[in-house]
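Work through the exercises below with the structure open. Each task is followed by a stepwise solution.

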Amino acid sequence: MGDSGSLEHLLLRGSVYIILVNWNGWRDTIECLESVMRNSYSAFRVIVCDNGSVDGSLERIKAWAEGRLDILPCPGSLREYSFPPVPKPLPYVEYGRGEAEAGGGAADDGKARLVLIGTGGNLGFAGGNNVGLRYALAKGDFDYVWLLNNDTVIHQDALSTMVAGMNKNPAAGICGSTLLHYERPERVQAQGGGYYCKWIGLPWHIGRFRHPMRLLAGRRVEKLMNYVVGASMVVSRKFLEDVGLMCEEYFLYFEETDWAIRAEGKYRLMYEPESIVFHKVGSSIGTSSNPGRKSMLCDYFSTRNRIYFTRKFYPYALPAIYLMLLGALLTRLLLGRWDRARMIMRLMVDHRTGYEQVSGKP
């Protein structure tokens with residue numbers, strides 16, 4: 001028993017910062033926080049980076065932490081992960097971007113489990129997370145960071161299983177979870193990561209559409225995947241200090257793939273099957289694999305970054321990417337989405353003439 005306890009202590013060592021990026025999604029964020037605050041791993045702090053929300057998100061999250069606001073989760077099988085509410089009040093500290101990136105105020109002794117940061121604007125997925133990462137690096141009191149989408153609910157052991165796996169595999173730089181659909185938890189969104197094909201410029205999440213009882217073996221997944229899905233990824237401090245922060249040029253999509261490519265040959269990508277995270281999948285930005293249902297925001301950045309990523313890492317594959325985009329353009333025309341077809345054509349022309357600015361707007 002003593003040896004077993006010592007081994008467990010060894011595998012579950014390490015302090016973790018959990019970073020959530022919120023953009024006009026305080027209801028999702030509060031439900032996520034309720035599940036995170038009851039997780040079985042104790043050595044953690046949560047950083048919520050608010051990306052310039054205009055719906056009063058920060059005020060509502062503070063009201064929740066103070067015990068003045070409760071959110072009832074949707075009824076169903078996932079209710080147990082975020083209800084009943086955890087005891088309040090929850091001590092928190094609040095910073096603006098500059099103060100946070102400098103490591104917070106002198107009174108921040110690390111005892112407040114919740115850190116709220118107003119980033120000052122919509123910095124995108126990478127930009128919002130990077131503010132939290134800079135805070136963590138400035139504090140310097142962590143071993144791992146868990147980047148977790150705010151539209152998720154976690155199993156109580158989701159973090160502890162990833163920390164144990166990372167501690168057993170020091171060559172691992174990023175670890176992913178088993179992502180299940182929040183609305184249909186009997187369906188898998190991704191097993192840890194996916195495979196990005198440079199010749200068509202599109203990713204495929206490994207295990208997609210499988211049943212949770214029929215998962216692919218973890219080792220097989222790790223051999224197949226060349227990126228970890230950004231909805232849930234634990235990153236080591238050594239990885240951050242060596243590879244650096246996420247690239248903010250993308251604004252949305254491709255950031256995690258860029259990160260993995262930059263770490264190629266230095267760090268291993270890892271998948272922990274028993275880390276279970278339920279994901280609402282693009283609830284704030286209209287993500288869809290159906291071109292007729294994609295939001296303009298989704299269509300714009302997925303097209304724009306498909307070109308940008310290829311130019312950055314695989315310029316020799318650009319002719320194939322443009323051929324694929326012509327097919328996408330024709331599909332939009334057949335669907336009567338003239339505005340989308342014009343947008344794809346404009347992006348193709350802009351990139352062919354050297355356009356590399358990210359405006360943050362389609």
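**Exercise 1.** Decide whether tyrosine 81 is buried or exposed.

Solution. This is a predicted model. Step 1: take the relative accessibility of tyrosine 81, which is 17%. Step 2: apply the cut-off; buried means under 20%. Tyrosine 81 therefore counts as buried. Tyrosine 81 sits in the loop between helix H3 (57–65) and strand E3 (92–96). Step 4: list its contacts, leaving aside neighbours within four places in sequence. They are Glu34, Ser35, Arg38, Val153, Ile154, His155 and Phe278. Step 5: compare sequence with space. Glutamine 156 is 75 residues from tyrosine 81 in sequence, yet their C-alpha atoms are 7.4 Å apart.

**Exercise 2.** Explain why H3 is described as largely enclosed, and find what covers its buried residues.

Solution. Step 1: count. Of the 9 residues of H3, 7 are buried, so the helix is largely enclosed by the rest of the structure. Step 2: name the buried residues. They are Ser57, Leu58, Ile61, Lys62, Ala63, Trp64 and Ala65. Step 3: identify the cover. It includes strand E1 (16–22), helix H2 (26–36), strand E2 (44–50), E3 and strand E4 (114–118). Step 4: look just past the helix. Glycine 67 has a positive phi of about 85° there.

**Exercise 3.** Classify the packing of helix H9 (residues 255–262) against helix H10 (residues 296–313).

Solution. Two packed helices are described by the angle between their axes and the distance between the axes. Step 2: read the values. For H9 and H10 the angle is about 10° and the axes are 11 Å apart. Step 3: apply the cut-off. Angles under 35 degrees count as roughly parallel. H9 and H10 are therefore roughly parallel to each other. Step 4: list the contact. Thr257, Asp258, Ile261 and Arg262 of H9 meet Phe309, Lys312 and Phe313 of H10. Step 5: sort these by class. The contact has 3 nonpolar, 1 polar and 3 charged residues.

**Exercise 4.** Find which strands pair with strand E5 (residues 144–148), and in which sense.

Solution. Step 1: start with E1. E1 and E5 pair in the parallel sense over 4 bridges. Valine 16 has tyrosine 144 of E5 as its bridge partner. Step 2: turn to strand E12 (residues 232–236). E5 and E12 run antiparallel, joined by 5 bridges. Here tyrosine 144 is bridged to serine 236. Step 3: check burial. In E5, 5 of 5 residues are buried. Tyr144, Trp146 and Leu148 point one way, and Val145 and Leu147 the other way.

Note on methods: Residues numbered from 1 in each chain as written. Predicted model: local features only at pLDDT ≥ 70, side-chain atom pairs only at ≥ 80, totals over all residues. Heavy atoms only, no water. Helix = DSSP H or I, 4+ residues; strand = E, 2+ residues; numbered from the N terminus. Buried < 20%, exposed > 50% of the residue type's maximum accessible area, 1.4 Å probe, protein only. Contact = heavy atoms within 4.5 Å. Axes fitted to C-alpha atoms, helices over the stretch in contact; angles between N-to-C directions. Parallel < 35°, antiparallel > 145°, perpendicular 65-115°, else oblique. Nonpolar A, V, L, I, M, F, W, Y, C, P; charged D, E, K, R; others polar. Pairing = 2+ DSSP bridges.
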